[in-house]
Amino acid sequence: MSKTFRAWKIDDPLLLPVSAQDFVAKDHLAAFVLSVVRDELDLAKIMSCYASERGQPPFHPVMMTTLLLYGYCCGIHSSRRIAKACRERVDFMSIVALDPPDFRTICEFRKRHLQDLRELFAQVLALCDKAGLVKLGHVAIDGSKIRASASKHKAMSYGRMEARARELEAEVDKWFAAAEAADAEEDKLYGRDKQGDELPAWVADKTRRAAKIRAAKAELEAEAKAAAEAKAKEQAEVEEKRKAEGRKKPGKPAAPPSPEPEAKAQKNFTDPESRIMKSKDGFVQAYNGQIAVDAQAQIIVAQDVTQCAADSGQLIPMVDAVEANLGRKPEQASADSGYC
């Protein structure tokens, strides 16, 4: 007895929907993000960058902004993965209307309008506030170590930088001396106008490495000097306040902060702004991502990324960020013991 199956028309030509938005349901997240960006957000600053009529017509900024925001909502941050999704996923196709941009175009759009795209966060929060999704009755704050796109093994301590820079420069001096001796010997053999007198390419590379280490060392010194000046200013203010109140500090006076970086202070050559931080997976090259979430509908009301591994100094800045975004502070804020 044969069984009747549904017709499988895999080789038949298809008639596409009248509108690309018909690729997804009306209540789909892609349709929602498109509606918000197109009808609610103010993209005047981004649109004003396209005054010239020269060159190829660019992709519409509303479409590009929607594409980026929807990609991020789906946890896709890579420009290449977003471009691939535009070719393979119907939800992304419904946004780009079967005209997918190249990954370079997506990347350049993000970099060109980075500041204006950041300001959309405040606009979205204002919409959530008007919709009653943000009450600020209670805000929970926490931090998380976000891995940097760099290996901790590419970091070098300040103390090691000095020694390694001297080693590389001494090695380069030896190569120059050896090259000069070799050139003199070859001049005797082949004559002064013959080829063979260039230095090896790796000599220049080593020289650049030494220069890079020196630059990183100078950055650490500048950071240490700025930190020492800030600490000295803070100590002076405390001492001034103590004198004004007629109080004396017990014990010996504290040593002035050193403007020299500690020997263990590190700088990463791949991502100099990241820092080595302790996480549940051990020590990683990372950033400390901060987030504040409203208890009413789990709306993110503030966020930040810091180089400081400890959360202890981030509580007040995050509460201030909530006020900056929404014009008022939360009635309550909770955070774990790491902020204590």
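Ala, Val, Leu, Ile, Met, Phe, Trp, Tyr, Cys and Pro are counted here as nonpolar, Asp, Glu, Lys and Arg as charged, and the others, Gly among them, as polar. The model is predicted: local features need pLDDT of at least 70 and side-chain atom pairs count only at pLDDT 80 or more, whereas totals for chains, interfaces and linings use all residues. Residues are numbered from 1 along each chain as its sequence is written, and side-chain values use heavy atoms, with hydrogens and water left out.

The lining of the largest pocket comprises 25 nonpolar, five polar and three charged residues. A pocket is an open set of points on a 1 Å grid over the protein atoms alone, where a 1.4 Å probe fits, with protein on both sides within 12 Å along at least five of seven lines; lining residues have an atom within 4 Å of a point. Its volume, the space filled by probe spheres set on points joined across faces, edges and corners, is about 1600 Å³. Of the 33 lining residues, L69, Y72, F121, I300 and Q303 lie nearest the centre. Two or more residues each come from α1, α3, α7, β1 (139-147), β5 (282-294) and β6 (300-306), and α7 gives the most, with nine. Helices (H or I, at least four residues) and strands (E, at least two) are DSSP runs, numbered from the N terminus.
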